[in-house]
Amino acid sequence: MRMKDVEVDSNGNINLNIKEIPNPCIVVISKNTAKMTELPAFADTTIKTHQGKVVRVKWNEGEDF
């Protein structure tokens with residue numbers, strides 16, 4: 001899987017050190033969980049939701065010619 005779990009503490013807080021995470025990246029929060037992934041150099045990234053919850057993150061990658 002491309003997306004990695006982000007630790008959420010018992011108070012519901014996320015602690016990220018931006019010097020240690022890939023750049024650029026996204027953090028997606030849904031259903032009391034958080035996941036993070038690096039964005040590819042060339043792609044369309046789609047986040048699909050259903051009833052207010054994230055159900056899918058999809059990449060359509062390409063490469064410049």
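Visitor: What makes the meeting of the side chains of Asp5 and Lys35 a salt bridge?

Guide: First, a caution: this is a predicted model. The N to O distance between Asp5 and Lys35 is 3.9 Å. The cut-off is within 4 Å, for a side-chain nitrogen of Lys or Arg and a carboxyl oxygen of Asp or Glu. The value of 3.9 Å is within that cut-off, so the Asp5 and Lys35 pair is called a salt bridge. Asp5 sits in strand β1 and Lys35 in strand β3, so the pair ties together parts 30 residues apart in sequence.

Visitor: Why is Asp5 called exposed?

Guide: Asp5 has 65% relative accessibility. Exposed means over 50%. The value of 65% passes that mark, so Asp5 counts as exposed.

Visitor: What is Lys35 called, and at what relative accessible area?

Guide: Lys35 has a value of 31%. Buried requires under 20%, and exposed requires over 50%. Lys35 falls in between, so the label is partly exposed.

Visitor: How many salt bridges does a search of the whole structure find?

Guide: Two. Besides the pair of Asp5 and Lys35, there is a salt bridge between Glu61 and Arg2.

Visitor: How do you know that Glu61 forms a salt bridge with Arg2?

Guide: Their closest N and O atoms are 2.5 Å apart. The limit is 4 Å, so the pair of Glu61 and Arg2 qualifies. Glu61 is in strand β5 and Arg2 is in the segment before β1, 59 residues apart.

Visitor: Where do Glu61 and Arg2 fall in relative accessibility?

Guide: Glu61 has 46%, and Arg2 has 36%.

Visitor: What makes β1 and β2 stand at the edges?

Guide: Three strands form an open, antiparallel sheet in the order β1-β3-β2. β1 (4-6) and β2 (25-30) each have a single partner strand, so one side of each has no neighbour in the sheet. On average, neighbouring strands are turned by 35 degrees against each other, direction ignored.

Visitor: How do you know that β2 and β3 pair?

Guide: Six bridges join them in the antiparallel sense. Pairing needs at least two, so β2 and β3 pass. In one of these bridges, Val28 has Lys35 as its partner in β3.

Visitor: What joins β4 to β5?

Guide: Eight bridges join β4 (residues 43-50) to β5 (residues 53-61), and these strands run antiparallel. At least two bridges are needed, so β4 and β5 count as paired. Thr49 stands opposite Val54 in β5. The hairpin has two residues between the strands, and Gln51 takes a positive phi near 50 degrees there.

Visitor: Why is Ser30 called buried?

Guide: Ser30 lies in strand β2. Its relative accessibility is 11%. Buried means under 20%, so Ser30 qualifies.

Visitor: What does the side chain of Ser30 reach?

Guide: It reaches the backbone nitrogen of Val54, at 2.9 Å. Leaving aside neighbours within four places in sequence, Ser30 is in contact with Lys53 and Val54.

Visitor: Is Thr37, at 4% relative accessibility, buried or exposed?

Guide: Thr37, in strand β3, has a value of 4%. That is under 20%, so Thr37 counts as buried. A polar atom of the Thr37 side chain lies 3.4 Å from the backbone oxygen of Arg2. Not counting residues up to four places away in sequence, Thr37 touches Arg2, Met3, Cys25, Ile26 and Trp59.

Technical notes
Residues are numbered from 1 along each chain as its sequence is written. This is a predicted model: local features need pLDDT of at least 70, side-chain atom pairs count only at pLDDT 80 or more; totals for chains, interfaces and linings use all residues. Side-chain values use heavy atoms; hydrogens and water are left out. Helices (H or I, at least four residues) and strands (E, at least two) are DSSP runs, numbered from the N terminus. Axes are lines fitted to C-alpha atoms, for helices over the stretch in contact, and angles run from 0 to 180 degrees between N-to-C directions. Buried means under 20% relative accessible area, exposed over 50%, partly exposed in between (1.4 Å probe, protein chains only). A polar contact is a pair of N or O atoms within 3.5 Å; within protein, one must be able to donate a hydrogen and the other to accept it, and residues adjacent in sequence count only if both atoms are side-chain atoms. Contact means heavy atoms within 4.5 Å.
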